[in-house]
Amino acid sequence: MRHWIVKLFTMVVISILAAAPSLVRAEDTIPMDDDEMEAVLAGALDDDSLVAEEMAELNEHRAAMEQMQEEGMYKALKRKFIEGNAGFMSLVALALILGLAFCVERIIYLTLSEVNTKKLLDDVDAKVEEGDIEGAKDICRETRGPVASICYQGLMRAEESVDSIERSITSYGQVQMANLEKGCSWITLFIAIAPSLGFLGTVIGMVMAFDEIQEAGDISPTIVASGMKVALITTIFGIIVALILQVFYNYILNKIEQLTTQMEDAAITLLDILVKYKSKQQ
């Protein structure tokens, strides 16, 4: 009887030792309590919210880039115009409009003043050789531009001395030069005003930024951004306006130089024609 009890006890011990690893593994999979579960879920939610915020920022940046690519030049300029403080940007735009108005007026005037100088002088020479001074005057009257006006002025004194004719042509040439350069001083004024207005906006924008910093009592990029935007955008637009007007102004100066050269050549040629005419009369 004792033998069977020992044998049974031995079998129970062996069974317990055999089941111990499985009990340990089962203990490892015991569910967590409520506090531990809430902490794990909160961490997972925080991770998800961070990912969602990053994705939202990325999508917003992508949408802004696509909008900038799709919007035209007019809309982009309009948006920057508003961001740069409409007060100062309006002054810069006014300088551009007035400067371009003077440029267009000068370009039209100078373009209409250009004539075929060689043909005009050939026709005048033919009439003078025939002794028809009045016919030569009619040709000059019917032709527009300063070259024809100078020739007409010289023909009016065809019976006077060569020195008198030369003085008359020189004096009238100076008057024509003044007419060609009329309005150019206004263009140079707007070329100087445009960047000056931009720099004025820069200074005032910096003052605005420092005022906002003083009111907030803290230096923050958000506080400084508005004033700095006014400062930078007005300067950029002022310089762009000055560059545009400078290009037109140089083109106008080039046309004035061409007309001046034509006037000088016409004056010399007309003097030669009249000298030849006087020598025939003598």
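These legends walk you through several close-up views of a predicted model. In this model, local features need pLDDT of at least 70 and side-chain atom pairs count only at pLDDT 80 or more, while totals for chains, interfaces and linings use all residues. Residues are numbered from 1 along each chain as its sequence is written, and side-chain values use heavy atoms, with hydrogens and water left out.

View 1. Searching the whole structure turns up 1 cavity of 30 Å³ or more. On a 1 Å grid over the protein atoms alone, a cavity is a set of points where a 1.4 Å probe fits but cannot get out, and lining residues have an atom within 4 Å of a point. The largest cavity holds about 30 Å³ of space, a volume being the space filled by probe spheres set on the points, which are joined across faces, edges and corners. Look for Asp-125, Val-128, Glu-129, Ile-273, Lys-276, Tyr-277 and Lys-280 around the largest cavity. Two elements, α5 (117-129) and α10 (221-281), each give two or more residues to this lining, and α10 gives the most, with 4 residues. Helices here are DSSP runs (H or I, at least four residues), numbered from the N terminus.

View 2. Lys-276 pairs with Asp-125 in a salt bridge, their closest N and O atoms being 3.8 Å apart. Lys-276 belongs to helix α10 and Asp-125 to helix α5, so this pair ties together parts that are 151 residues apart in sequence. Through salt bridges that share partners, Asp-125, Glu-129 and Lys-276 join into one network. A salt bridge is a side-chain nitrogen of Lys or Arg within 4 Å of a carboxyl oxygen of Asp or Glu.

**View 3. Neighbours in sequence.** Glu-105 and Arg-106 form a salt bridge, with 2.9 Å between the closest N and O atoms. Arg-106 is buried, at a relative accessible area of 3%, whereas Glu-105 is partly exposed at 37%. Buried means under 20% relative accessible area, exposed over 50%, and partly exposed in between (1.4 Å probe, protein chains only).

**View 4. A nonpolar surface patch.** Leu-232, Ile-236, Ile-240, Ile-244 and Phe-248 make a nonpolar patch of about 410 Å². Such patches use residues with over 30% relative accessible area and no salt bridge, nonpolar side chains (Val, Leu, Ile, Met, Phe, Trp, Tyr) being joined within 5 Å. Ile-236 sits in helix α10 and counts as partly exposed, at 46% relative accessibility.

Note on methods
1 Å grid on protein atoms, 1.4 Å probe; cavity = no way out; pocket = protein on both sides within 12 Å on 5 of 7 lines; lining within 4 Å. Patch = residues over 30% accessible without salt bridge, like charges linked within 9 Å, V, L, I, M, F, W, Y side chains within 5 Å. Areas by Shrake-Rupley, 256 points an atom, 1.4 Å probe, with all protein chains shown as cover.
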